[in-house]
Amino acid sequence: MRTLVFAGRNFRELLRDPLSYIFCLGFPVIMLIIMSIVNKSIPAEAGMTIFNIENLSSGIAVFGMTFIMLFTALQISKDRCGAFLTRLYASPMKPSEFITGYTLPIIIIAIVQCIITYIASFIISLILGKAISISGIFISGFVLIPPEVMFIGFGLLFGSLFNDKSAPALCSIVITLSCILGGIWMDIENLSGGLKKICEVLPFYHAVRIGRMSLNGVYDDFGKSMLIVCIYAVLIYMISTVTFSVKMQKEQK
C-alpha cells in the first residue's frame with residue numbers, strides 16, 4: 001500500500017509537468033513526421049532506407065525512451081535535493097518500496113509513449129501507402145520493454161548519484177550516444193571497422209534492432225540482440241537499486 005501511494009504521488013508529479021507531455025509524448029510523434037518528410041525528399045537512387053517508416057518507427061520509439069530516462073533522473077534528483085526523500089527516510093518504507101514507487105509510474109508513461117509512437121507510425125504508413133503490420137507493432141512494443149527498463153535504470157542511477165543540475169547533463173550524454181551509436185539516424189549495418197564494433201558492444205544499437213526486426217518480421221540474430229539488451233537492462237537496474245539503497249543509508253545517518 002505504501003508503494004502504491006508513493007507511486008501515485010510520483011505519477012501526479014509527472015503529470016503536473018507540461019514538459020513531460022511535450023518531450024515524452026509529443027516530441028517522438030513530431031520527429032516521426034519530420035523525418036518522414038525528409039525521407040520523401042531523398043531520391044530512391046540513394047538507397048537510404050533508414051528513414052523508411054518501417055525502420056524509423058522503432059528508432060523513434062527507442063529515442064523517446066531516452067527522455068523517459070531524463071525525467072526519471074530529474075524526479076529523483078529533485079526529491080533528494082528538496083529534502084523530500086530525507087523526510088520520507090524516517091518512514092517505515094524500505095529501499096525496494098522507493099524504487100518500485102518511482103518505477104511504476106515511469107513504466108506506465110513509457111508504455112503509453114510507445115503506443116502513441118506506433119499508432120502515429122501506423123497512420124503515417126497508411127498515408128504513405130506502406131502499411132506496417134499490426135501484429136508486428138504489438139510484437140515490437142512487447143520486445144521493447146527491456147530497453148524501457150534499461151533507460152529507467154539509467155535515470156534511477158543518475159538521479160541517485162547527482163543533483164538536479166548535473167543529472168540532466170549525464171542524461172544528455174546517454175541521449176547522444178543512443179542516437180549516434182543506436183542507428184536511429186544512420187545505418188549501422190553498412191558501417192565497418194571500430195565504430196561498428198563499438199555499436200555492437202553497447203545496448204543502444206541492439207535495442208533499436210530488436211524493435212525493427214520484430215516490426216518487420218525478420219528475426220536474424222534476434223536472440224543475440226535481445227540477450228544483450230536484457231543483460232544490460234538487468235545490470236543497470238540492479239546497479240541503480242544498489243546505488244539508491246547505499247545513498248539512502250548514508251543520508252539517513
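Me: Among contacts in the protein chain between residues at least 6 apart in sequence, what percentage join residues at least 24 apart?
Reply: This is a predicted model. A contact here means heavy atoms within 4.5 Å. Take the contacts between residues at least 6 apart in sequence; the share that joins residues at least 24 apart is 78%.

Me: How many helices and how many strands does the protein chain have?
Reply: Read the elements from the N terminus on: they run α-α-α-α-α-α-α-α-α-α-α. The secondary structure therefore comes to eleven helices and zero strands.

Me: What percentage of the 253 residues is buried?
Reply: Buried means under 20% relative accessible area. Of the 253 residues in the protein chain, the buried ones make up 49%.

Me: Why do the buried residues of helix 6 lie on the same side?
Reply: Helix 6 covers residues 134-143, and its buried residues are Gly136, Ile137, Ser140, Gly141 and Val143. They share a side of helix 6 because the arc they cover around the axis is only 165 degrees.

Me: Which residues are exposed on the other side of helix 6?
Reply: Exposed means over 50% relative accessible area. On the other side of helix 6, the exposed residues are Phe138 and Phe142.

Technical notes. Residues are numbered from 1 along each chain as its sequence is written. This is a predicted model: local features need pLDDT of at least 70, side-chain atom pairs count only at pLDDT 80 or more; totals for chains, interfaces and linings use all residues. Side-chain values use heavy atoms; hydrogens and water are left out. Buried means under 20% relative accessible area, exposed over 50%, partly exposed in between (1.4 Å probe, protein chains only). Helices (H or I, at least four residues) and strands (E, at least two) are DSSP runs, numbered from the N terminus. The arc is that of the directions from the helix axis to the C-beta atoms.
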